[in-house]
Amino acid sequence: MAKAHTNESSDVRDNILAVGQRIMSGKGFSAVGLNEILTEAKVPKGSFYHYFGSKDAFGEALLSSYFEDYLADIDTVMGQPGVTMAKRLLDYFDMWRDNQSFLDCQGKCLAVKLAAEVADLSEAMRTVLNQGTSAIIAKLADAIEQGVAEGSLAVDDSPKRIAESLYQLWLGASVMVKIVRGTAPFDSAMAVTRQMLHLDN
C-alpha cells in the first residue's frame, strides 16, 4: 500500500513538473504564476507546497528534471550503433535544430528559454543551469575525443574547448532564431560546426 502511495505521489510531482515545463518553455519563468500551472495540472495549491517549498524550489526541480532527461537523450544519440562519432554529433545538432524550430522558432529547450532570465533571479537556479550545461559540454567533449580517436573528425584545439565553443555557438543560434523567426542561424551554426570538426562532406 505504501509503495502504491509513493508511486502516486511521484506521478503527481512529475505531472506538475511536466505541465510547468510546457508552459514555461513558452512564457518564461517570471510570467507564469503557480495558479496557471496548478489549474492546468489539476492539482490543488496545498499539494504543490507538499512537493515544492516555493516557486524557486520548483524552478530548481524543473531544471534538474529537464537536464536529467536531456542528458539521457544525448546518451541515446551518442550511443547509436554502427555509425561514426562524427555522424552522431551531427545527429545531435540536427536534433537541437528540430527542437528549437518548434512553434515558430520558440523552441522546446528550457535552458535556452530560462538561462538569461533565471540566472539573474535565483542563485540556486543558476547553479542548476551551470551544472546542467557543464554536463552537456562534458558529454560533447567526450564524443569529440572519441571521434578524433576513431579518425571520423579532427579538431584544432582540445576537445573540451571545442565542445564549449560549439555549445555556445548553438545556444547563441537558438536565441537568434527567436529574433529572426527563421532557421537561417542554424544553417550558419551547422556550417561552422562542420568546419570546426573538419567535416568537409
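Helices, as the term is used here, are DSSP runs of H or I with at least four residues, numbered from the N terminus. The model described is predicted.

The secondary structure of the protein chain amounts to 10 helices and 0 strands. Along its principal axes, the C-alpha trace spans about 55 × 45 × 30 Å. According to the UniProt annotation, from an unreviewed entry, residues 10–70 carry the label "domain: HTH tetR-type". This span is 80% helix and 0% strand, and its end C-alpha atoms lie 20 Å apart.

The second largest pocket has a volume of about 220 Å³. Helix α8 gives the most to the lining of this pocket, with 6 residues. α7 (110–121), α8 and α9 (159–180) each supply at least two residues of that lining. Among the lining residues are Ala-111, Arg-126, Leu-129, Thr-133, Tyr-167 and Leu-171. By class, the lining of the second largest pocket comprises 7 nonpolar, 4 polar and 1 charged residues.

Two packed helices are described by the angle between their axes and the distance between the axes. The table gives these values for two pairs.

| Helix pair | Angle | Distance between axes |
|---|---|---|
| α4 and α8 | about 5° | 9 Å |
| α7 and α9 | about 90° | 10 Å |

Helix α4 covers residues 55–78 and helix α8 covers residues 123–150. With their packing angle of about 5°, α4 and α8 are therefore roughly parallel to each other. On the α4 side, the contact includes Asp-56, Leu-63, Phe-67, Tyr-70 and Met-78, while α8 contributes residues including Met-125, Leu-129, Thr-133, Ile-136 and Lys-139. By class, the contact of α4 with α8 has 14 nonpolar, 4 polar and 4 charged residues. Leu-129 and Thr-133 of α8 take part in this contact and also line the second largest pocket.

α7 and α9 pack at an angle of about 90°, which makes α7 roughly perpendicular to α9. Their contact is formed by Ala-111, Val-112 and Lys-113 of α7 together with Tyr-167, Leu-171, Ser-174 and Lys-178 of α9. Sorted by class, the contact of α7 with α9 has 4 nonpolar, 1 polar and 2 charged residues. Ala-111, Tyr-167 and Leu-171 belong to this contact and are also among the residues that line the second largest pocket.

Definitions and conventions. Residues numbered from 1 in each chain as written. Predicted model: local features only at pLDDT ≥ 70, side-chain atom pairs only at ≥ 80, totals over all residues. Heavy atoms only, no water. Axes fitted to C-alpha atoms, helices over the stretch in contact; angles between N-to-C directions. Parallel < 35°, antiparallel > 145°, perpendicular 65-115°, else oblique. Contact = heavy atoms within 4.5 Å. Nonpolar A, V, L, I, M, F, W, Y, C, P; charged D, E, K, R; others polar. UniProt positions renumbered as here; feature names shortened; annotations may be inferred. 1 Å grid on protein atoms, 1.4 Å probe; cavity = no way out; pocket = protein on both sides within 12 Å on 5 of 7 lines; lining within 4 Å. Points joined across faces, edges and corners; volume = space filled by probe spheres on them.
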